[in-house]
Amino acid sequence: SAVPFIARNHHSNTPLYPILIRATSYLTVVAWPFFLMVGIYPEKIINVLYGPQWIAAAPIATILCAQFAARICYSLTQPALLAIGKPYFSAISSGVGLLMRLGIIFMLDARDVVSFALALCTADIVTLIVPAWLMSRHLGFTPLMAAKAYWASLKVNLPCLLALLACARLI
């Protein structure tokens, strides 16, 4: 768990932003290739893992990959706020996210699984501003620092994406 490590550094007055930049870049560099692969090849992966009867779930898998790829960018918000003794602020992020999800589900009149997944994905992407603000305000992890972490991952993941797209043409 990241909580004891972040808490120890916080209590020793060590700046948290270098830790958060490194941890965020590690999380995204590992997770994004997985989400890219599943998002590009959902039919093939679902067919191998679950069989042809589940191929209809492929559009949902692609939407969920986009959602989780975005969410992982600020996945350390809750543990970091807990570690510095401010867990109640993570409730703000969760509450805003829940209200946005409900609002977009209602606005899109999501009555099928695909539109429901699209509503969840849209809400999560729109509300990324909340954990970004919380991490900037309470942890010193500014959006510019986050961009630095993402840039490190993008430099590694761009060749992965190009290789996946090249493979898609061959398959």
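Asn 13 sits in the loop between helix 1 (2-11) and helix 2 (17-40). This is a predicted model. Asn 13 has a positive phi of about 60 degrees, although it is not a glycine. Most residues other than glycine have a negative phi. Asn 13 counts as exposed because its relative accessibility is 69%, and the cut-off for exposed is over 50%.

Asp 109 lies between helix 6 (87-107) and helix 7 (113-126). Its phi is near 50 degrees, again a positive value in a residue other than glycine. Asp 109 has a relative accessible area of 43%, so it is partly exposed.

The largest nonpolar core has 33 residues. Those with the most contacts inside it are Leu 16, Leu 20, Trp 32, Tyr 74, Met 135, Leu 139 and Phe 141. Two or more residues each come from helix 1, helix 2, helix 4 (58-71), helix 5 (77-83), helix 8 (129-139) and helix 9 (143-170). Helix 2 gives the most, with 7 residues.

Take Met 135 as a way in. Leaving aside neighbours within four places in sequence, Met 135 is in contact with Leu 20, Tyr 74, Leu 76, Thr 77, Gly 140 and Phe 141. A second, separate core has 6 residues, including Ile 105, Ala 119, Leu 120 and Ala 123.

Val 48, Leu 49, Tyr 50 and Trp 54 make a nonpolar surface patch of about 520 Å². Val 48 belongs to helix 3 (residues 42-50). Its relative accessible area is 69%, so Val 48 is exposed.

Technical notes. Residues are numbered from 1 along each chain as its sequence is written. This is a predicted model: local features need pLDDT of at least 70, side-chain atom pairs count only at pLDDT 80 or more; totals for chains, interfaces and linings use all residues. Side-chain values use heavy atoms; hydrogens and water are left out. Helices (H or I, at least four residues) and strands (E, at least two) are DSSP runs, numbered from the N terminus. Buried means under 20% relative accessible area, exposed over 50%, partly exposed in between (1.4 Å probe, protein chains only). Patches are made of residues with over 30% relative accessible area and no salt bridge: like charges are joined within 9 Å, nonpolar side chains (Val, Leu, Ile, Met, Phe, Trp, Tyr) within 5 Å. Accessible areas come from the Shrake-Rupley method with a 1.4 Å probe; for residues, only the protein chains shown count as cover. A salt bridge is a side-chain nitrogen of Lys or Arg within 4 Å of a carboxyl oxygen of Asp or Glu. A nonpolar core is a set of buried Ala, Val, Leu, Ile, Met, Phe, Trp, Tyr and Cys residues joined through side-chain atoms within 4.5 Å. Contact means heavy atoms within 4.5 Å.
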